[in-house]
Amino acid sequence: MTEQTMNQAIEKLAENYNQLEQSLVNQLRLQVPNHQLTVGTYRERVWKSLFEMIIPKKYCIEQSVFIIDSYGNISREVDLAVYDEMYTPYIFNYGEIKFIPIEAVAVVVQCKSGVNDTATTENAIEWVNTVKALKTSMDSVTRTITDLVDNYDRSLHSKILTQTSTRPITILCATEMGRSMRTKLLNEFDILLFVEDIGTGKDGKKKARLVKQIPGEEKNFIQWNDELNHSMHSDREKEEAEYMMGRKKEKLDSAKSLESRNLTQLRVTDCQEKENTILSLTFQLNQLLMFLNNPMLFPHRAYARMFTKNLGGKIQENQTVSQYILAKYDVSGIQSYIFASRQLRENVGASQNVGRILRETLPGVLTEWAMSCPDTVRINWEDPKNWGFSLPKTEELLAEILYIGGGNAFVVYRDETAYNQVSRLFAMKMMEQCQGVTVLSAHVEANPDNFPGDLERLNQEMAQIKRRLRRPQPLSSYAVVEQDGFDGSPVTHLEIRGEASTKLSELRYEKRRDSLSNGAKTQPGRYALEMEDLAEQKGENSYIAVIHIDGNNMGELVQKLMDQNPTYETAVPAMRQLSAGIAQRNRQASEAMETAFASIFDRETLPLRPLIMDGDDMTFLCCCKAGIGAAVACLRRLLQLSDQKLPLSACAGIAFVHNHFPFSIAYDAAEACCSRAKNRWYQEKDDKTAYLDFQVVQGAFVKGLKDEAQLETLRVRPFRVAEKVDLRSEDSIDRLRQTLGRMAPDGGIQGQWPMTRLRRLYQAYRLGQDHVDLLKKEYASRGYTVSQLTGERAGVTGRKDGGIFDALETLDFYDGNIWRGFWEAVNKEDAL
C-alpha cells in the first residue's frame with residue numbers, strides 16, 4: 001500500500017468517526033413529546049452504544065445498576081457501569097436489580113438530558129459523591145508465581161505495589177450543558193461529554209457537535225495512576241499514605257519519562273485544530289482503562305463478613321483481623337441547636353443537653369449495657385490512676401472510654417458486636433432524651449501498634465459520614481390544629497408559668513424542660529436564665545455580648561503527641577493527660593472570670609450565662625460592658641497557666657448585639673471575629689500572647705468587617721493580649737483600655753472631651769479621611785487634639801490614630817469600674 005493510499009484510508013476512517021459523531025448527536029437530540037421516561041432510557045442506550053463501540057470486549061456494560069462495597073455502603077442508581085467479569089465475576093441480583101461490587105467497576109456513567117440549572121448540577125454532584133464514597137478492600141488472597149499472597153498483610157506495604165485501592169473513572173453525559181454549570185462539574189467528574197449547538201446550516205436547521213472535556217487532560221500519567229490505583233479510599237488510608245511516600249522516594253526507572261506523558265498527547269485533530277471527538281475519546285479513555293487494567297482482586301472475606309453482619313450472624317474469630325474496634329461519637333450541629341432560639345431559657349436548656357450527651361449519657365449507656373457484668377466496661381478515664389490503657393491487660397474488659405472532649409468521645413471495644421449493641425442503645429437514649437441533637441458514630445478496626453493511623457482513618461470515616469448526612473427531624477405528635485409559631489413544628493406541650501402560658505413544639509419543650517434546674521452542673525440561680533438578667537440594670541433593654549473563645553494550635557499539639565506515641569499503650573495515657581490538662585486549665589480560666597463577675601456585680605444572679613464549656617472551646621453571654629473585660633480575664637489567665645509541658649493560649653471573638661437579636665447570627669459573628677483573631681495569632685505563633693476581636697451588630701444588618709473595607713485602615717484590632725499589662729504596642733488591649741479611660745475615666749462620666757465631640761469624631765471617621773482632617777482642625781482651634789486621648793506614648797501616625805476609631809466603636813460598652821475589676825482579677829497590680 002502506497003503512502004498516498006494509506007493517507008486516504010486514514011482520512012476516510014477519521015471521516016467515518018465524524019459521521020458516527022453526527023449520527024450520535026442526531027439520535028440524542030431526537031424529540032419525543034410526553035414520553036420522558038421512554039426518551040431517558042433511549043438516550044442511555046445511545047450512550048451505551050458509543051461505549052460498546054470504543055471499550056474492549058473484556059468489559060461488560062450494564063444499564064441501571066447499583067454499586068456496593070463491603071462496608072454496607074451503596075451508590076445511587078448508576079445509568080451505565082463498565083465492569084470486569086473475568087476477575088470479579090460477582091453480581092448480586094435481587095429480581096431485575098443488580099448490585100456490582102466496587103472492586104469490579106472501572107467506569108461509571110451518569111446520563112442527563114440537560115444540565116442547565118443549579119438543581120440538576122447539584123444532583124449530578126451528589127450522585128458522583130455516592131460513588132466516590134464507596135471503599136475498596138484489600139482483604140483478598142490469591143496465588144502468584146511464587147506462592148499464595150494475603151493482600152491484607154501489612155508487610156506488603158514495604159514493597160512496590162501497583163495497586164492498593166481503586167476508584168472508577170467518572171463520566172457525565174448530557175444532551176446539553178450550560179457553560180456556567182461546566183466549571184462546577186469539571187471539579188467532580190473525570191470526563192464530560194455533551195452536545196453543543198454550533199449554529200445553523202444552509203438548510204436553516206440547527207447544527208450541533210459532540211464536545212468532550214477532561215479537566216485532568218494535562219495531568220501526567222504518574223498522577224493519573226496514583227489517583228486511580230492508589231486512591232487513598234480503602235480501609236487502609238494511613239498505611240496507603242505512608243506507602244505512597246515510600247513509593248515516591250523509590251521511583252521506577254521510567255518515572256521521568258512518564259512525567260512528560262499526558263492525555264493531551266492522545267487528542268486527534270485535523271489541520272484546522274478541529275478535534276475528532278470520538279477518536280480522541282477512544283484513545284484517552286482506553287489509556288485510563290489500561291492504568292486500571294484488571295480491577296482489584298475480589299475480597300471474599302470482606303463481603304462475607306458484610307453479609308454475616310447484616311444478617312445478624314456471628315463473625316468467626318479467625319475471620320477477625322483486628323484485636324479491637326476504635327469508635328468515635330461526634331455531636332454534630334451543636335451551635336445551630338443551641339442558638340436556634342432567641343429565648344435565653346431555651347439556649348440554656350439546649351447547652352445543658354449538649355453537655356450531658358457525651359459526659360453523662362454515653363457513660364450511662366455503657367454502664368447500663370454492662371449492668372450484669374459491671375467490670376466489663378471502664379468509663380472513669382479522667383482519673384489519673386486510670387490513664388493507662390486497660391483493655392489489652394484485662395481479658396474481661398469489653399469497652400473502655402479513651403477520652404472525651406471537643407464534642408467528641410473515643411471508645412475502644414473488644415469487638416464489633418459490642419460496638420453495635422452500645423451504639424444502638426445510645427441512639428435509643430438520644431431519641432428519648434434529646435431529639436434535637438444529631439450524634440454520629442464511626443468505627444474502624446484497630447491496629448494496637450498504630451494509634452495515629454487508626455485515628456486518622458477514623459476521622460476520615462467520620463468526615464464521609466458527615467458529607468452524606470441528612471439531618472433528621474425531631475419526632476413529635478401530629479399537628480391537628482396548631483403549629484409552633486417559632487419553628488413551624490406541631491404544638492405538643494403547654495407551658496404555664498404564673499398567669500402566662502406558652503405553646504411549645506417537642507424540641508422547644510425539651511430545651512425548656514432541661515433549663516428549669518438553672519444548670520445541672522452550676523449553682524442554682526447563679527447565672528442568668530432570662531434575657532433581662534444579662535442587662536446591666538434590671539429591666540434594661542440593651543446590648544449584650546456573645547463571646548466565643550477557642551484554643552490556638554491544638555492540632556499541632558495533638559500531632560506532636562501522636563508522633564511521640566505511636567502505639568495505643570503510650571498514646572492513650574498521653575491523650576488522656578492532654579485532654580484532662582486542657583479541660584482543667586480552661587476551667588481555671590473560666591473560674592477566674594466568674595470570680596471577677598461575682599466581685600464586680602453586687603447581685604444574686606450574675607449577668608453571665610456560660611453556654612459551651614468543652615475542652616478548649618468556650619462560649620458565653622454577658623452584659624455588654626463586661627464583654628471585653630471578661631474575655632481578657634479568660635485569655636490572660638490561660639496565658640498565666642501556660643508552661644512548656646502544656647503551652648496554652650487562645651483567641652476570642654465578641655459580637656455586641658441587641659438582646660433580642662437572633663442568637664444564631666450573633667454566634668456566627670462572634671465565631672468570625674475569633675477566626676480573624678486566630679489568623680493574626682498564627683502570623684506570630686507566640687504562646688505567650690493571645691488576640692481578641694469584636695464586632696458591633698446593629699439592627700437586622702450585620703456590619704461585617706469584610707463589607708467595610710474602607711474602615712479597615714482605621715482599625716487596629718485584633719487586639720493583642722499579653723500575660724501582663726503591656727502598653728508598648730499600638731494593638732495592645734491595654735492601650736485600648738487606657739484610651740477609653742481618657743475618654744470616660746470614671747465609669748461613663750465625661751472625660752477630657754465632651755461626649756458630643758467624641759460622637760462627631762466617630763461619624764467623621766465613618767465618612768472619610770477628609771472629614772476627619774477637617775474636624776481635627778476645628779477641634780484644634782478650640783484646644784482639643786487627638787493626642788489628648790491617645791497620650792504622648794501613643795505615637796499617633798498614619799490613619800489609625802493610635803486606635804482611636806476602635807475606642808470610639810467600643811465607647812458604649814466601656815465602664816471604667818467594670819473593666820478595672822476584670823483587669824485586677826488576673827493582674828493585682830493593674831499597671832494602668
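Tutor: Helix H17 (residues 627-641) packs with helix H25 (residues 816-826) at an angle of about 10 degrees, and their axes lie 9 Å apart. Axes here are lines fitted to C-alpha atoms, for helices over the stretch in contact, and angles run from 0 to 180 degrees between N-to-C directions. Helices are DSSP runs of H or I with at least four residues, strands are runs of E with at least two, and both are numbered from the N terminus. The model is predicted: local features need pLDDT of at least 70, side-chain atom pairs count only at pLDDT 80 or more, and totals for chains, interfaces and linings use all residues. Residues are numbered from 1 along each chain as its sequence is written, and side-chain values use heavy atoms, with hydrogens and water left out.

Because of that angle, H17 is roughly parallel to H25, a term for angles under 35 degrees. On the H17 side, the contact (heavy atoms within 4.5 Å) is made by Ile628, Gly629, Ala630, Val632, Ala633, Arg636, Arg637 and Gln640. H25 contributes Trp819, Phe822, Trp823 and Val826. By class, the contact of H17 with H25 holds eight nonpolar, two polar and two charged residues. Nonpolar covers Ala, Val, Leu, Ile, Met, Phe, Trp, Tyr, Cys and Pro; charged covers Asp, Glu, Lys and Arg; the others, Gly among them, are polar.

Elsewhere, the whole structure has zero disulfides, meaning pairs of cysteine sulfur atoms within 2.5 Å. The sulfur of Cys651 is 6.1 Å from its closest cysteine sulfur, in Cys674, which is too far for a bond.

Conventions. Angles under 35 degrees count as roughly parallel, over 145 as roughly antiparallel, 65 to 115 as roughly perpendicular and the rest as oblique.
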